[in-house]
Amino acid sequence: MPTALDTIVADLSGCDRQERIDLLLDFARSLPPLPERLAAHKDASHRVEECQSPVYLFVQLDGDRVSLHADAPIEAPTVRGFVSLLLEGLSGATVEEILQVPGDLVERCGLAEILGMLRVRGLSGVLRRLKGEVTREAIARARSTADHTTTALLPG
């Protein structure tokens, strides 16, 4: 796991129930706004269907690092907090680091203790979707690189 995410998990798991809720709410308040260039693209292709709240994820590769942006409603503070936690802990990580994030991250953070089963499933769905988007971006980049290499090698 990236160091930033590992630190967040350690902080959350080391807290009592109320402190954990307060930290999650702090994360919810700190979710950066979606850049204007992405706000117009809040559509079904970026929506996390597994989550009841309308969460939108945007993944871009910048060199070998992942750039993440997301939008989650203010009216869903636990979801918004988890999304913010993921952005803070994973932005700038490599594809490999993100794909190695354990699937039971919600439980490791101690969030299963404070949230209902439906919310836990939704948050786990956000992580799965994030990993899927990172994988798709990495595959698209690899194909694009391969296509450019093949084109450059063709006689002209």
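**The setting of Arg-129**

Reply: Leaving aside neighbours within four places in sequence, Arg-129 is in contact with Ala-44, Ser-45, His-46, Arg-47, Val-48, Glu-49, Glu-50, Leu-57 and Arg-136. The model is a predicted one, and in it Arg-129 belongs to helix α7, which covers residues 117-153. Its relative accessible area is 14%, and because buried means under 20%, Arg-129 counts as buried.

One of the contacts of Arg-129 is Leu-57, and the strand β1, residues 56-62, has five of its seven residues buried, so this strand is largely enclosed by the rest of the structure. Strand β1 pairs with strand β2, residues 65-71, in the antiparallel sense, and seven bridges join the two. Within this pairing, Val-59 has Leu-68 of β2 as its bridge partner. Two residues lie between the strands of the hairpin, where Gly-63 takes a positive phi near 65°.

In soluble globular proteins, nonpolar side chains tend to be buried together. Here the largest nonpolar core has 41 residues, and those touching the most other members are Phe-82, Val-83, Leu-85, Leu-86, Leu-105, Leu-111 and Val-126. Both β1 and β2 are among the elements that give two or more residues to this core, as are α1 (3-13), α2, α4 (77-90), α5 (95-99), α6 (105-108) and α7. The largest share, seven residues, comes from α4. As for Leu-105, its contacts, apart from neighbours within four places in sequence, are Met-1, Leu-5, Val-9, Phe-82, Leu-86 and Leu-127.

The side chain of Arg-20 reaches the backbone oxygen of Cys-15 at 2.5 Å. Not counting residues up to four places away in sequence, Arg-20 touches Leu-12, Ser-13, Cys-15, Cys-109, Gly-110, Leu-111, Glu-113 and Ile-114, and of these Leu-111 is one of the core residues that touch the most other members.

Notes: Residues numbered from 1 in each chain as written. Predicted model: local features only at pLDDT ≥ 70, side-chain atom pairs only at ≥ 80, totals over all residues. Heavy atoms only, no water. Buried < 20%, exposed > 50% of the residue type's maximum accessible area, 1.4 Å probe, protein only. Helix = DSSP H or I, 4+ residues; strand = E, 2+ residues; numbered from the N terminus. Pairing = 2+ DSSP bridges. Contact = heavy atoms within 4.5 Å. Polar contact = N/O pair within 3.5 Å; in protein donor to acceptor, adjacent residues only side chain to side chain. Core = buried A, V, L, I, M, F, W, Y, C linked by side-chain atoms within 4.5 Å.
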